[in-house]
Amino acid sequence: MNDASMTEASFGKGTLVIRLLRERDKVFEEIVEGREVGQKVSAFLLGAAALLGFYGLAMGMFNGPQQTLLSIAKVPALYLATLFVCYPALYVVNTLCGVKLGFHQTLALILASFTYTGILMAALAPIAIFFNLSGGDYAFLKLLHVVFFSIGTTCGLVAMYRGLVIVCERREIYPRLAMRVFSIWLFLFAFVGTQM
């Protein structure tokens with residue numbers, strides 16, 4: 001058992017989230033190779049929900065405790081509902097373009113990008129809390145959250161792009177194809193996400 005495996009066994013699934021931040025390419029390579037994909041899917045799902053829920057806490061504080069609780073649930077639900085609607089399209093388009101990843105591997109890549117988004121948004125949450133507590137008006141706070149969602153989602157999708165490039169390199173598919181797949185899915189994801 002190598003050091004990374006011992007650390008992951010010792011500290012649980014939270015370590016995978018830290019590894020995603022520090023060793024993103026290695027984590028994506030493990031997904032492509034099919035190593036512990038089921039564990040990665042559940043760890044990313046829990047990690048993304050917790051991190052995005054933390055941002056929901058920061059977002060909902062402006063309108064009292066009831067809105068705070070709703071926002072804690074609503075922010076992760078927004079991303080997961082968008083995933084539920086868009087995932088089949090990405091999987092089918094990937095398959096048609098020759099990316100030979102299984103259903104769970106593709107899901108793990110997407111959830112890794114959501115977790116990456118959650119990491120960044122959780123890091124931005126203290127700034128949102130500060131402006132909530134300092135008396136920022138509603139219009140300013142709404143704009144601030146739109147900017148933070150844009151930053152977080154863009155960084156998550158860039159991480160997913162990197163994952164697709166790794167897939168293309170490992171499977172000897174030209175990376176331009178990954179960009180085409182990514183562009184199609186990005187359009188669908190953005191459109192569905194804004195409707196959600």
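User: In which hand does α5 pass α7?

Analyst: α5 passes α7 in a right-handed crossing. In such a crossing the near helix is turned clockwise from the far one by less than a right angle; anticlockwise is left-handed. This is a predicted model, with local features needing pLDDT of at least 70, side-chain atom pairs pLDDT 80 or more, and totals for chains, interfaces and linings using all residues. Numbering starts from 1 along each chain as its sequence is written, and side-chain values use heavy atoms, without hydrogens and water.

User: At roughly what angle do the axes of α5 and α7 cross?

Analyst: Axes are lines fitted to C-alpha atoms, for helices over the stretch in contact, with angles from 0 to 180 degrees between N-to-C directions. Helices are DSSP runs (H or I, at least four residues), numbered from the N terminus. Here α5 (residues 65-96) and α7 (residues 138-170) have axes that come within 15 Å and cross at roughly 30°. α5 is therefore roughly parallel to α7 (angles under 35 degrees).

User: Which residues make the contact?

Analyst: Contact means heavy atoms within 4.5 Å. α5 gives Val75, Leu78, Tyr79, Leu90 and Asn94; α7 gives Phe149, Thr153, Met160 and Leu164.

User: Is phenylalanine 189 buried or exposed?

Analyst: Buried means under 20% relative accessible area, exposed over 50%, partly exposed in between (1.4 Å probe, protein chains only). Phenylalanine 189, in helix α8 (residues 175-195), has 6% and is buried. Beyond neighbours within four places in sequence, phenylalanine 189 touches Tyr79, Thr82, Cys86, Phe114, Thr153 and Leu157.

User: What is the phi of glutamate 36?

Analyst: Most residues other than glycine have a negative phi. Glutamate 36 has a positive phi of about 50°. Glutamate 36 sits in the loop between α3 (24-33) and α4 (37-60). At 46% relative accessibility, glutamate 36 is partly exposed.

Note on methods
Helix = DSSP H or I, 4+ residues; strand = E, 2+ residues; numbered from the N terminus. Parallel < 35°, antiparallel > 145°, perpendicular 65-115°, else oblique.
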